[in-house]
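User: I'm new to this one. Can you walk me through it?
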Amino acid sequence: MAAEKDTATTSGIEAIDTTSQTLEKRNDSIINIKESESEDNDNITDLFVSFPPIKGGHHEKNPLTIRAVIVGVILGSLVNASNVYLGLKTGFTFSANLFGAIFGYGIITVLCKFLPNTPILGMPFGPQENSIIQAAATGAGGIAGPFVAGFPAMYRLGLWQQPGQSQQDQSPSHDFGSIIAITVICALFGLFAAIPLRKFFIINVARELNLIFPTPTAAALTIRSMHSVGSGAADAIKKIKALLASFFGGIIILVCGSYANGITHEWHIFTWFYAWGGYSHPLLMTIESWGWYILLTPAFFGSGLLVGRNAALSWWLGTFVAWAIIGPVLVSYGECRTNELFDEDSKWHPYVSFASMSGLGNGKPVSPRFWMLWPGVAVLIVYSMTEFVMHIRVVWEGVIYAWRGGCEAVHRRMEKSGKHNAYIAGQAAKASDPSNLVEDFATKEQQVPDWVWMTGVLVMTVMAMLICHFKFGMNPGLALLSLILALIFAFLSIHGGAVTDNTPLTASAKASQLVFGGITHGWEKTHAQRINLIAGNIASGCANVSTDLTSDFRVGFLLRTPPNKQFYAQCVGTIVAIFLAPGMFVLFMAAYPCVWQADLSELEQAQCAFHAPSAGAWQAVAEAMTLPSIPIPHSCVVFTIVIAVLVGLQVVVKNLFLVGPREKYRAFLPNWMSIGVAWVLGPDTGYANMVAFGAITAWWWRKYFPRSFEVYCYAVAAGLIAGEGLGGVINAALTLGGVDGTTIGTKIGIPGEF
């Protein structure tokens, strides 16, 4: 789960008990696969070695099958559509790995049962082909980030305008070609860049840096367990049934609930008491205005089942601190302003907005959301960058790896021509020194050839420079810089995800905006903002794709799936995503124009079905960076500096002091990534409440019913997340047809609507 792919399902491997041969997972971080749950996990004691073949399993000569790719693309497409909806709604997107792994197993198993030994459809099915399904699903389900953040922000600022086009003529459907152009850059550059990152992160430095990749490892173990004989196969059927039930349950809850939103989906308890009290207690509406309500969202309950208590409760704590303490104090002392939504004679007059991002630089106090945005951004960046600095050797190892790889290529060419250089030969030998590497099961023939990714990266770099220059008037050098930043952010995100399961792409996006904001400072406002958001989209989008696909390579490594087969499946899925994600974006923008239109009143913005919180944050940063002076209040600056220092100190203490026997105390440290996300996304507590409830439920479930938890938890969570997302797509289609809940349903229970 992520704010633009930020939070996660687990946060690290803590211990491998080689005596009992179990891998324990605590809800606050650890993946748990117990020996008693699968007879075939008895040899898995080292997560830096590919899993041994399953006992009694058949040899998979070619796991890259037509059925696997088609099923994977279909499942990934569902997740892609789901992510566009969830991202616009909440700022969060989710991975396709567990959904693709479990649902894919179910579909192919049904085909094998009813069409046994039928060519293509009914052939024997194994874990490597299952990982191909996931690879295709990961490719097709990715790259939602730009569509839930940067693109809507550009429309709100009127930055898509082309020569000869008026601002009124701008719309996502008219700009489909431009949207596709940026999507191609993000998707294909990220795809090709992931190939060398596989060898570096999974083979070269995985053991040395303890890069476990918790969620991909959990997916690989889940696939292996489902394909094992005995109880593993029986548990797989249970997982599939649970996933299907939760998937369709999520759809029903969202679609049917939209026709009585204030009763079945959103519980605005303080609004109810305000209405029942004769609209005479304004304090109740003040609490409501700060976003305190209960949201019955299947996706975020499912996310809560996956995230540890530390991450979930940290998010809730950050929400409480910001929107129950700091925000009200700022408004009370006049440091921040409110925006009235109704006239004074309206019974809803006490219902106001604290989330406005408009009116920056006009000399008036800013909104509490804008005030909290900057410490939130600082927390995300400082935490991520300090962690990165504490593990700076990953960058140095990357430089060494690239240099030795280049020497190895040069050495081979010199040998062919009968030449020799002692230094180059020595570096080439170190590049292939097995003592420095995790053993790679894949032979040279199973690897993706170097010329493929080198040519792909070069072609996409040139294409990015040309598209940015001729389509958006952007200097080719700035386009190149955005791709360089994408690689740096990919290193940061892959390393973070591999260690903590937390991919800090939100921090990366804001960092790119700050970099380009500094470069374009003093330039013409519209041009500077366009560059800021285009470059930010490219940097974060490319890093997003590379991170997802590198994590997917980890699944294939554990299951011994040839990486070239995975790459081909990823290619097909990614190409589908290039057209699918923009199509979903256009669908949602046509159904809900309030997401992207710039000339809306505060009331219209507040009543919009999609608040697009990530888009608001991108917009605010882009605007602030192009003003003569950034309109950040002095109190905000002081608070931001103090909190940034505190966050940096915690990272240092965690990495230098809480080690060895003291490492167990890390579980009690606040998760600053979760807190930062809560501050950036604004005053809407419904999602934090439900994630916390889900995490507490998971803790209770696992404590008292551990066997049931291990069988059903991942499947239920994946189904709920995907189900709500697909339900959102159905609601968008109903909205375009004029038969949605806002048109023919009841609005009772919604503040300002009854």
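This is a predicted model: local features need pLDDT of at least 70, side-chain atom pairs count only at pLDDT 80 or more; totals for chains, interfaces and linings use all residues.

User: OK. Which hand does the crossing of H21 and H22 have?
Analyst: H21 and H22 cross in a right-handed way. H21 covers residues 525-559 and H22 covers residues 563-591.

User: At what angle do H21 and H22 pack?
Analyst: The angle is about 140°, and the axes of H21 and H22 are 10 Å apart. Angles over 145 degrees would count as roughly antiparallel. H21 and H22 are therefore oblique to each other.

User: Which residues make that contact between H21 and H22?
Analyst: From H21, they are Leu549, Asp552, Phe553, Gly556 and Phe557. From H22, they are Pro563, Gln566, Phe567, Gln570 and Thr574. By class, this contact of H21 with H22 has five nonpolar, four polar and one charged residues.

User: What about H20 and H21, how do they cross?
Analyst: H20 spans residues 505-519. The axes of H20 and H21 come within 9 Å and cross at roughly 145°. That crossing of H20 and H21 is right-handed.

User: Which residues of H20 meet H21?
Analyst: Leu505, Ala509, Ser512, Gln513, Phe516 and Gly517 do. On the H21 side, their partners include Ile531, Leu533, Ala539 and Asn544. The contact of H20 with H21 divides into eight nonpolar, seven polar and no charged residues.

User: Switching topic. How many residues are in the largest nonpolar core?
Analyst: It has 212 residues. Those with the most contacts inside this core are Phe99, Phe300, Leu373, Phe567, Phe588 and Trp679. Helix H6, residues 176-204, gives the largest share, with 20 residues.

User: What does Phe567 touch?
Analyst: Setting aside neighbours within four places in sequence, Phe567 is in contact with Leu191, Phe192, Ile195, Val448, Val452 and Phe553. Phe553 and Phe567 also both belong to the contact of H21 with H22.

User: And which residues are in the second core?
Analyst: That separate core has seven residues, among them Leu284, Phe342, Trp348 and Tyr351.

User: Where do Phe213 and Tyr279 lie?
Analyst: Phe213 is in the loop between helix H7 (206-209) and helix H8 (214-227). Tyr279 is in the loop between helix H11 (269-276) and helix H12 (282-289).

User: Why does Phe213 count as buried?
Analyst: Buried means under 20% relative accessible area. Phe213 has 1% relative accessibility, so Phe213 counts as buried. Tyr279 is partly exposed because its relative accessible area is 27%.

User: Last one. Where is Tyr592?
Analyst: Tyr592 lies in the loop between H22 and helix H23 (602-607). At 12% relative accessibility, Tyr592 counts as buried.

User: What is Tyr592 in contact with?
Analyst: Leaving out neighbours within four places in sequence, Tyr592 is in contact with Ala609, Phe610, Asn731, Ala732 and Thr735. Tyr592 and Phe610 are 18 residues apart along the chain, and their C-alpha atoms are separated by 7.5 Å.

Key:
Residues are numbered from 1 along each chain as its sequence is written. Side-chain values use heavy atoms; hydrogens and water are left out. Axes are lines fitted to C-alpha atoms, for helices over the stretch in contact, and angles run from 0 to 180 degrees between N-to-C directions. Helices (H or I, at least four residues) and strands (E, at least two) are DSSP runs, numbered from the N terminus. Angles under 35 degrees count as roughly parallel, over 145 as roughly antiparallel, 65 to 115 as roughly perpendicular and the rest as oblique. A crossing is left-handed if the near helix is turned anticlockwise from the far one by less than a right angle, and right-handed if clockwise. Contact means heavy atoms within 4.5 Å. Ala, Val, Leu, Ile, Met, Phe, Trp, Tyr, Cys and Pro count as nonpolar, Asp, Glu, Lys and Arg as charged, and the others, Gly among them, as polar. A nonpolar core is a set of buried Ala, Val, Leu, Ile, Met, Phe, Trp, Tyr and Cys residues joined through side-chain atoms within 4.5 Å. Buried means under 20% relative accessible area, exposed over 50%, partly exposed in between (1.4 Å probe, protein chains only).
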